[in-house]
Amino acid sequence: MTENKAAQKILITGMPYSGKSYVSVFLKKKGENVVDADSIKGLRQWFDKDGNKVDFPHDANKKWLDAHDFLWDKNFLRSWLDEQKSTIYLFGLAANVLDVTKLFDSAYYLDMGSEVLKKRFSNNERTNPMGQTEEQQQAILRDLGDFAQKAKEKGLIFVQADQSPEEIYKTVAG
């Protein structure tokens with residue numbers, strides 16, 4: 001990880017419902033350069049297990065989710081990050097997000113337990129299509145512990161997702 005404070009590349013990831021969008025809005029209000037990875041044309045796509053691009057059905061069930069992955073294009077991301085001339089906070093999640101963390105100066109994981117996640121399911125105001133159905137929510141719960149363990153192994157900095165945006169901002173902005 002580099003020490004260039006002038007143009008830091010900071011990744012903030014976490015499971016669906018961890019508060020990535022909520023925190024990103026707060027950072028934007030603080031004047032930070034914030035980008036939602038889903039808004040970067042060419043970065044992400046759903047793929048079947050044969051590597052074919054597919055569209056995400058809003059009613060995706062467990063069978064569909066088990067047979068597909070949402071991935072970021074590492075080469076595209078590397079080039080896109082190289083074009084950034086000021087500090088940038090990239091918020092997002094993909095099945096291969098832990099494989100691209102070395103492209104960033106620092107990487108944070110918004111961590112939460114299953115009880116917090118279940119509570120957020122019931123207060124759903126999301127516009128993102130993933131996590132809208134019961135089967136999708138069960139898939140998120142099933143993957144929560146495994147993903148957190150892998151994030152720890154990759155050296156991501158854990159931030160409790162149930163903190164206020166101000167507290168999270170203090171942690172990620174240093």
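The legends below describe close-up views of a predicted model.

**View 1. The three-stranded sheet β4-β3-β5.**
Three strands make up an open sheet, in the order β4-β3-β5, with antiparallel pairing. β4 (53-54) and β5 are the edge strands, each with a single partner strand, so one side of each has no neighbour in the sheet. The antiparallel pair β3 and β5 is joined by 5 bridges. Arg44 is placed opposite Trp72 of β5.

**View 2. His68 in strand β5.**
His68 belongs to strand β5, which covers residues 68-72. Its relative accessibility is 13%, so His68 counts as buried, the limit for that class being under 20%. The His68 side chain comes to 2.6 Å from the backbone oxygen of Trp64. Leaving aside residues up to four places away in sequence, His68 is in contact with Trp46, Phe47, Asp48, Lys49 and Val54.

**View 3. The salt bridge between Asp69 and Lys49.**
The side chains of Asp69 and Lys49 form a salt bridge, with an N to O distance of 2.9 Å. Asp69 is part of strand β5, while Lys49 sits in the loop between β3 and β4, so the pair ties together parts that are 20 residues apart in sequence. Asp69 is partly exposed, at 28% relative accessibility. Lys49, at 52%, counts as exposed.

**View 4. Trp72 and the nonpolar core.**
The largest nonpolar core contains 53 residues, and Leu27, Trp72, Leu77 and Leu90 have the most contacts inside it. Helix α5 (residues 134-153) supplies the largest share of this core, 7 residues. In soluble globular proteins, nonpolar side chains tend to be buried together. With residues up to four places away in sequence not counted, Trp72 touches a list of residues that includes Leu11, Ala37, Leu43, Arg44, Leu77 and Leu90. Further along the chain, the residues touched by Trp72 include Gly92, Leu93, Ala94, Asn96, Val97 and Val100.

Helix α1 spans residues 20-29, and its buried residues are Lys20, Val23, Ser24, Phe26 and Leu27. These residues cover an arc of only 160 degrees around the axis, which puts them on the same side of α1. The face turned away from the buried side carries the exposed residues Ser21, Tyr22, Lys28 and Lys29. On the buried side, the residues of α1 pack against the strands β1 (9-14), β2, β6 (88-91) and β7 (106-111), and against helix α6 (165-173). Leu27, one of the buried residues of α1, is also among the residues with the most contacts inside the largest nonpolar core. Just after the helix, Gly31 adopts a positive phi of about 90 degrees.

**View 5. Ser39 in the loop between β2 and β3.**
Ser39 is located in the loop that runs between β2 (34-36) and β3 (44-48). The residue is exposed, with a relative accessible area of 55%. The side chain of Ser39 reaches back to the backbone oxygen of Asp36, at 2.6 Å. Ser39 and Gly92 are 53 residues apart in sequence, yet their C-alpha atoms are 9.8 Å apart in space. Gly92 is also one of the residues touched by Trp72.

**View 6. The salt bridge between Lys62 and Asp66.**
Side chains of opposite charge can pair when their charged atoms come close. The model has 6 salt bridges in total. In one of them, the side chains of Lys62 and Asp66 meet at 2.6 Å, N to O. Both residues lie in helix α2 (residues 62-66), and because they are 4 residues apart, about one helical turn separates them. Lys62 is partly exposed, with a relative accessible area of 40%, and Asp66 is likewise partly exposed, at 36% relative accessibility.

Glu167 and Lys170 are joined through their side chains by a salt bridge of 3.3 Å, N to O. The two residues both lie in helix α6, 3 residues apart, which is about one turn of the helix. Glu167 counts as partly exposed at 34% relative accessibility, whereas Lys170, at 54%, counts as exposed. Elsewhere, salt bridges with shared partners link Lys62, Asp66, Arg142 and Asp143 into one network.

Notes: Residues numbered from 1 in each chain as written. Predicted model: local features only at pLDDT ≥ 70, side-chain atom pairs only at ≥ 80, totals over all residues. Heavy atoms only, no water. Buried < 20%, exposed > 50% of the residue type's maximum accessible area, 1.4 Å probe, protein only. Polar contact = N/O pair within 3.5 Å; in protein donor to acceptor, adjacent residues only side chain to side chain. Contact = heavy atoms within 4.5 Å. Pairing = 2+ DSSP bridges. Core = buried A, V, L, I, M, F, W, Y, C linked by side-chain atoms within 4.5 Å. Arc of directions from axis to C-beta. Salt bridge = Lys/Arg side-chain N within 4 Å of Asp/Glu carboxyl O.
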